[in-house]
Amino acid sequence: MIDIEFDHIIHYVDDLERFEFPGQYLEIHKGGRHENLGTFNRLVYINLSYIELLDIFNQGKIKQQSKTQEGKYSFASSIVEKGYQQGFKKVCFRTHDIHKLKEQFLARGLEVVGPVSMKRQNKKGHEIQWQLLYVNDHHFDVMMPFFIQWNKSDDEREADLKEYFQSQLEIDMIEFRSHQRQTMVENWKKWFDMEVVETADKYTLLQSPIKKVKFKITEGKDDMIDGIYMIDKTIDAPILIRTRGANYHFKPE
């Protein structure tokens, strides 16, 4: 069994510095700059799982990065290839042993790039470090997740970030649309040890081994990450907010 759980989702937002989430349902915190990528981010912390709002400060750098070995599987290529359309671009899973995970993926027939060491400054001026692992399969062109190992333990990171958590919220589900739904389901079961928890004519619901976040794979003409579903303890009826090419669903507890 592989050791992964949902870590974050990337939402590309043009002119991010002036962006405010409609209705202020989400608190947005300053992030940092990825100098090598030409990008910067702002962050919405739910718990240790979060939403990364991302924008570009140097288009030349992100174009260059998208052509590198690791960049062609990263969010950089997904932004460039989609013509800089706003919306959700990538899902990332957290692991505690990225080198073991790499060996498991190689044994399952995936092409692997990394681990790649990265770092940035946070808003307190402290350096944050992590490693990324990218995977691909040439016969399957639906967006693949990528994988992260932070340089601190979950407990250490929670102590650092707890003041930013929106404790009234809980990430419940991520929805994908795919023109290869059944292929995607079978691959995610085989590669990522996902389990089917519900199936219907037009969608399949998967869950990772940690069983904290579900993944809904829905039939669609285009391959995309359609939306994020969050349980909100403060509301009595469902709310849908579509902003900058992405759907945010809030559901009562």
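Tyr 229 stands opposite His 249 in strand β15. The model is predicted, so that local features need pLDDT of at least 70 and side-chain atom pairs count only at pLDDT 80 or more, while totals for chains, interfaces and linings use all residues. Residues are numbered from 1 along each chain as its sequence is written, and side-chain values use heavy atoms, with hydrogens and water left out.

**The sheet**

Strands here are DSSP runs of E with at least two residues, and helices are runs of H or I with at least four residues, both numbered from the N terminus. Two strands count as paired if DSSP finds at least two bridges between them. In general, strands of a sheet pair through backbone hydrogen bonds, either parallel or antiparallel.

| Strands | Sense | Bridges |
|---|---|---|
| β9 (169–178) and β13 | antiparallel | 8 bridges |
| β13 and β15 (246–252) | parallel | 6 bridges |
| β14 and β15 | antiparallel | 5 bridges |

Individual bridge partners can also be named. Phe 176 has Ile 225 in β13 as its bridge partner, and Ile 241 stands opposite Tyr 248 in β15.

How many of the 9 residues of strand β13 are buried? Buried means under 20% relative accessible area, exposed over 50%, and partly exposed in between, with a 1.4 Å probe and protein chains only. In β13 (residues 224–232), 8 of the 9 residues are buried, so the strand is largely enclosed by the rest of the structure.

**Helix α3**

Helix α3 (residues 98–107) has Ile 98, Leu 101, Gln 104 and Phe 105 as its buried residues. These residues lie on the same side of α3, because they cover an arc of only 115° around the axis. The arc is that of the directions from the helix axis to the C-beta atoms. Lys 100 and Ala 107, on the other side of α3, are exposed. Just after α3, Gly 109 takes a positive phi of about 90°.
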